[in-house]
Amino acid sequence: MNFKLSTYEELTGATPQTPAFSCVAQGNGFFYAKKGAMVADQGNFKYEKILLDPNAGTGVARGLINQVSRRLTGENMEIMKVTGDGMAILAHNGHCVKVVPLQPGESVGVESENILAFTGNLKYGVRFNGSGVLSQKGLFATNFKNNSSSEGYVAVVTDGNAIVLQTPCRADPD
């Protein structure tokens with residue numbers, strides 16, 4: 001079994017009409033989370049800072065290249081690998097949480113500052129959004145792609161309710 005991410009409605013009182021303010025990761029194995037996002041856990045967990053690249057098995061050279069590309073594009077964030085089994089509750093500065101499920105073959109782009117957690121079966125990288133954007137944000141985004149045969153999850157934090165759009169679409173990066 002792997003981890004499943006969902007909003008923790010019982011803890012926050014969230015319903016489909018009200019936002020959730022925390023995420024729960026349940027299962028065993030490992031997942032990744034924004035450094036400092038852990039609020040509480042039940043079970044047996046180990047939290048360790050990731051220095052290079054969470055993409056397992058890509059090698060040190062590839063990990064270093066991925067780390068440099070994230071730093072140069074502004075899509076770098078400090079993440080931790082959470083290993084173990086049980087339930088971990090995550091949150092960040094009281095922001096709303098939206099969990100985006102990714103079926104095999106699907107991908108999603110998110111600004112790195114809005115990432116709360118993601119499951120270990122997703123490939124984590126940077127993608128170019130387009131040319132002509134004169135903004136500190138919007139030219140690049142963190143990309144998650146599900147290359148596995150099982151469902152993956154990305155927990156996103158927003159200042160209000162999140163809007164999830166199907167591609168192709170365009171949005172103002174500011």
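Modeller: Searching the whole structure turns up 2 salt bridges. Keep in mind that this is a predicted model.

Biologist: What makes Glu 78 and Lys 35 a salt bridge?

Modeller: Their closest N and O atoms are 3.4 Å apart. The cut-off for a Lys nitrogen and a Glu carboxyl oxygen is within 4 Å, so the pair counts. Glu 78 sits in the loop between α2 (59-73) and β4, while Lys 35 is in the loop between β2 and β3, so the bridge ties together parts 43 residues apart in sequence.

Biologist: Why is Glu 78 called partly exposed?

Modeller: Glu 78 has a relative accessible area of 43%. Buried means under 20% and exposed means over 50%, so a value in between is partly exposed. Lys 35 gets that label too, at 46% relative accessibility.

Biologist: And what makes Lys 49 and Glu 78 a salt bridge?

Modeller: For Lys 49 and Glu 78, the closest N and O atoms are 3.2 Å apart, and the limit is within 4 Å, so they qualify.

Biologist: Which parts of the chain does that pair tie together?

Modeller: Lys 49 lies in strand β3 and Glu 78 in the loop between α2 and β4, so parts 29 residues apart in sequence are tied together. Lys 49 has a relative accessible area of 48% and is partly exposed. Put together, Lys 35, Lys 49 and Glu 78 are linked in a network of salt bridges.

Biologist: On to rings. How many aromatic pairs are there in the whole structure?

Modeller: The search finds 8. One of them is Phe 3 with Phe 45.

Biologist: Why is the pair of Phe 3 and Phe 45 called tilted?

Modeller: The ring centres are 6.1 Å apart and the planes make 35 degrees. Pairing needs centres within 6.5 Å, and planes under 30 degrees apart would be stacked while over 60 would be edge-to-face, so what's left is tilted. Phe 3 lies in the segment before β1 (4-7) and Phe 45 in strand β3 (residues 38-49), so this contact ties together parts 42 residues apart in sequence. Phe 3 and Phe 45 are both buried.

Biologist: Why do Tyr 32 and Phe 118 count as stacked, then?

Modeller: With Tyr 32 and Phe 118, the centres are 5.1 Å apart and the planes are at 25 degrees, so the pair is stacked. Tyr 32 is in strand β2 (residues 23-34) and Phe 118 in strand β7 (residues 115-119), 86 residues apart. Tyr 32 and Phe 118 are both buried. They also belong to a cluster, in which ring pairs link Phe 30, Tyr 32, Phe 118, Tyr 124 and Phe 144.

Biologist: What makes you say that the charged end of Lys 81 sits over the ring of Phe 30?

Modeller: The charged end of Lys 81 is 4.5 Å from the centre of the Phe 30 ring. The distance limit is within 6 Å, and NZ must also be within 35 degrees of the ring normal. The Lys 81 end counts as sitting over the Phe 30 ring.

Biologist: What makes β5 mostly covered?

Modeller: In β5, 5 of its 7 residues are buried.

Biologist: How do you know that β5 and strand β10 (residues 152-158) pair?

Modeller: They share 7 bridges, in the antiparallel sense. Pairing takes at least two bridges, so β5 and β10 pass. Lys 98, for instance, stands opposite Val 156 in β10.

Definitions and conventions. Residues numbered from 1 in each chain as written. Predicted model: local features only at pLDDT ≥ 70, side-chain atom pairs only at ≥ 80, totals over all residues. Heavy atoms only, no water. Phe/Tyr/Trp six-rings, centres within 6.5 Å; stacked < 30°, edge-to-face > 60°. Helix = DSSP H or I, 4+ residues; strand = E, 2+ residues; numbered from the N terminus. Buried < 20%, exposed > 50% of the residue type's maximum accessible area, 1.4 Å probe, protein only. Salt bridge = Lys/Arg side-chain N within 4 Å of Asp/Glu carboxyl O.
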